[in-house]
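Reader: I'm new to this. Can you walk me through a strand and some surface patches?

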Amino acid sequence: MEFENILYGVEDRIATITLNRPEKRNALSPALRREVVAALKHAEADDEVTLVLIQGAGEAFCAGYDMNSYAGGQANPERPDGWNHSELFESWTGQFPRSCLRDWMTIWDLLKPVVAKVHGYALAGGSELMSMCDIVFAADDCVMGYPPTRAQSTPDIEYFPWKMSMAQAKYMQLGGHSVTGQRAAEMGWIAKSYPAEELDEQVMRELRPMAKLHPAMLSANKIALNQTYEAMGFRSALQSSVPWYVLAQGFRPGSGEFKTRAARDGLKSALQWRDGDFKEEGFVL
């Protein structure tokens with residue numbers, strides 16, 4: 001398969017999907033998302049593939065959704081598949097979070113394990129992509145979190161309650177906090193973290209023996225685990241993220257302030273408005 005926004009390859013029964021927009025810190029444009037989904041489905045259908053690894057090129061795993069597409073940064077932004085261009089329709093139906101959930105549930109439903117290798121940053125949409133993977137390994141010093149909950153909306157995908165304790169989930173989402181990979185491992189958000197210079201080597205050490213297991217055995221174990229979480233309400237809980245996103249983004253006082261500032265003063269100015277008080281107090285991002 002040929003791609004423009006990702007790199008795809010298979011070696012030792014491991015399909016590697018590399019987000020390849022390093023100049024944008026691998027921000028998730030609609031085109032990039034489409035290609036990730038297509039590559040996942042291609043890997044699932046390939047009998048030579050046992051598991052899938054998702055990583056990022058350049059200095060970050062993924063800095064989030066492409067703000068030029070989604071926060072008013074350009075006049076005619078690209079939109080995800082199936083998008084109705086009526087702003088009123090979007091505001092009432094939550095097309096954007098629905099499209100995010102649709103894309104990332106591909107990982108959940110895939111019959112093969114999907115592993116994320118995270119370095120640099122995994123923020124907002126990047127943390128959603130990471131958190132929907134079956135296993136996550138990260139660099140000790142990488143930064144992950146969901147800062148948009150400070151001023152823009154609730155998460156597109158409400159993963160926090162499923163990935164950590166209630167105390168940590170509320171701390172992370174209410175304050176829009178970010179943590180290092182090492183802290184994320186301590187919280188149980190991810191499986192393990194390693195020193196950045198060892199990340200590539202250690203992840204392959206983890207994956208090589210797993211890739212030699214029978215794909216049907218891996219699939220049975222993944223489905224058994226997923227069905228347990230679905231019995232606890234996982235899928236319906238994520239679907240309930242959509243109306244809360246709609247309410248938080250469009251039907252509260254000051255809901256359009258970030259978008260207005262981004263369009264008027266530039267994205268950096270809007271981010272400073274959103275995050276400045278937290279940076280002054282010494283919090284990560």
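Author: Three bridges join β6 to β9, and the two run parallel. Strands here are DSSP runs (E, at least two residues), numbered from the N terminus, and two strands pair if DSSP finds at least two bridges between them. This is a predicted model, where local features need pLDDT of at least 70, side-chain atom pairs count only at pLDDT 80 or more, and totals for chains, interfaces and linings use all residues. Residues are numbered from 1 along each chain as its sequence is written, and side-chain values use heavy atoms, leaving out hydrogens and water.

Reader: Which residue in β9 is the bridge partner of A139?

Author: That's Y194. β6 also pairs with β4 (residues 114-118), in the parallel sense over four bridges, and there A116 stands opposite V136.

Reader: How many residues of β6 are buried?

Author: Buried means under 20% relative accessible area, exposed over 50%, and partly exposed in between (1.4 Å probe, protein chains only). In β6 (residues 135-139), four of the five residues are buried.

Reader: Which residues form the negative surface patch?

Author: Patch residues have over 30% relative accessible area and no salt bridge, with like charges joined within 9 Å and nonpolar side chains (Val, Leu, Ile, Met, Phe, Trp, Tyr) within 5 Å. A salt bridge is a side-chain nitrogen of Lys or Arg within 4 Å of a carboxyl oxygen of Asp or Glu. Here D141, E197, E198 and E201 form the negative one.

Reader: Why does E197 count as exposed?

Author: Because its relative accessibility is 68%. E197 is in the loop between β9 (192-194) and α9 (199-211).

Terms used:
Accessible areas come from the Shrake-Rupley method with a 1.4 Å probe; for residues, only the protein chains shown count as cover. Lys and Arg count as positive and Asp and Glu as negative; His and the chain ends are not counted. The place of a charge is taken as NZ of Lys, CZ of Arg, CG of Asp or CD of Glu.
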